[in-house]
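Please read the following points with the sequence and the model side by side.

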Amino acid sequence: MSHIHRIQWFDQQVRQLTYPNSSKLAEQFEISRRQAQRDIEYLAESLRAPLRYIAKQRGYIYEDNSFVLPHLYITDEEQRVLKYLAYRYSHYDYENAQTIRKVGGLLERFTAQPLADREIKLPVFEVNPHRLQVMEMLEQAIQARRVVHVLYRNGQDPPQELYLCPLQLSRRIEDDYLVAAVEGDGRSEYYNLSGIRELTLTSRVFIAGENGPAAPAGQARPLKPFTARIRLPGIPREPSWGGYQLRAADKDIYEVDFYDTSAFIAHLLHSEWSALLAPKWLKEKLRSICETVVSRLDEQENEQ
């Protein structure tokens, strides 16, 4: 439960004259009394609530019942931006780092308290929509221990198709990184988030042990990849087709190996190609997806 929901609950209890206190707030939301007391202090100091503690009742009342909580609702998009900025400020390592890291902690609690030193200017970070989406999906994968499929490009190297076990997000120098291990390999490495071109969560899970990530008993990844035959509009400049390795078959026809069907279909939807020749089941699956999308768009237009 978020900080905002706790504030709203406490405000309601005060109005109902139940004399709430930090103990009741902590018990209601299963948090520490220290955290509950910070919420009450935030309500009194930052939101300027006219709280008064009644010793006899061991709880709080409003001295002025005309007080109304300010509008605390924020959209999902605003939450994602605040979460991203909190992460960036919390990992700031340069001038005034200690104070600026505190700002990261404040943003995580959705507070609006001013800095102690008003002369300190906050650094400006670019909020990249693709980066936000990648970080959000990686956080889900880290929490659920899900293997992710990525098309990754390291610097000027050709893109690679990788299956990674994400362990944590990190910040080094002036960029964001993912600490992860290739599925089946216990060694963790740093992957620059700017190098992740495409990302998909798979259904496979992993166990994070002392010797690195490992697959649970009974879970096995496919031993052999699927193979697609495609016709490209021209000769590719490099052997990697957005991370998928190409093998020349006949003139402008190439073979491509892939493991994750959903990820490969997503790649087909935004990549340039002239014809998908095989396998037949992949062509039917792609056609079905496209027809479904077109059908939904048609239904939407008819409803308007």
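**Notes on the predicted model**

1. His149 touches Glu161, Leu162, Tyr163, Glu198, Leu199, Thr200, Thr202, Tyr244, Asp260 and Ala263, residues up to four places away in sequence not being counted, where contact means heavy atoms within 4.5 Å. The residue sits in strand β3 (residues 146–152), and helices (H or I, at least four residues) and strands (E, at least two) are here DSSP runs, numbered from the N terminus. With a relative accessible area of 2%, His149 is buried; the classes are buried for under 20% relative accessible area, exposed for over 50%, and partly exposed in between, with a 1.4 Å probe and protein chains only.

2. As to the basis of these notes, the model is predicted, so that local features need pLDDT of at least 70 and side-chain atom pairs count only at pLDDT 80 or more, while totals for chains, interfaces and linings use all residues. Residues are numbered from 1 along each chain as its sequence is written, and side-chain values use heavy atoms, with hydrogens and water left out.

3. Which residue is joined to His149 by a polar contact of 2.9 Å between side chains? The partner is Glu161, a polar contact being a pair of N or O atoms within 3.5 Å, of which, within protein, one must be able to donate a hydrogen and the other to accept it, and residues adjacent in sequence count only if both atoms are side-chain atoms. Glu161 lies in strand β4 (residues 160–172) and is partly exposed, with a relative accessible area of 22%. Leaving aside neighbours within four places in sequence, Glu161 is in contact with His149, Val150, Leu151, Gly243, Tyr244, Asp257, Phe258 and Tyr259. For one of these, Val150, the C-alpha to C-alpha separation from Glu161 is 5.9 Å, at 11 residues apart in sequence.

4. Strand β5 (residues 175–182) is mostly covered, 6 of its 8 residues being buried. Strands β5 and β6 (residues 188–192) run antiparallel and are joined by 5 bridges; two strands pair if DSSP finds at least two bridges between them. Ala181 stands opposite Ser188 in β6, and in the hairpin of these strands, which has 5 residues between them, Gly184 takes a positive phi near 90°.

5. Helix α3 (residues 33–45) has 13 residues and reaches 18 Å from its first C-alpha to its last, close to the 18 Å expected at 1.5 Å a residue, the expected span being 1.5 Å times one less than the number of residues. Gln35, Ala36, Asp39, Ile40, Tyr42 and Leu43 are buried in α3. Seen down the axis of α3, its buried residues fall within an arc of 155°, so they line one face of the helix; the arc is that of the directions from the helix axis to the C-beta atoms. Arg33, Arg34 and Glu45 are exposed on the other side of α3, whereas the buried residues pack against α1 (3–15), α2 (22–29), β1 (51–54) and β2 (59–62).

6. The end C-alpha atoms of α1 are 19 Å apart, which agrees with the 18 Å that its 13 residues should span at 1.5 Å a residue. Among the buried residues of α1 are Ile4, Ile7, Trp9, Phe10 and Val14, and what covers the buried residues of this helix includes α2, α3, β1 and β2. Just after α1, Leu17 takes a positive phi of about 55°.

7. Val68 is found in the loop between β2 and α4 (76–90) and counts as exposed, at 62% relative accessibility. The C-alpha atoms of Val68 and Leu47 are separated by 9.6 Å, the two residues being 21 residues apart along the chain.

8. An open sheet of 5 strands has the order β11-β12-β13-β10-β14, with antiparallel pairing. Its edge strands are β11 (240–241) and β14 (275–278), each of which pairs on one side only. Strands β11 and β12 (residues 244–250) pair over 2 bridges in the antiparallel sense, and the bridge partner of Trp241 in β12 is Tyr244.

9. For the chain as a whole, the secondary structure comes to 8 helices and 14 strands, and buried residues make up 39% of the 304 residues. Of the contacts in the chain with a separation of 6 or more, 53% are accounted for by residues 24 or more positions apart.
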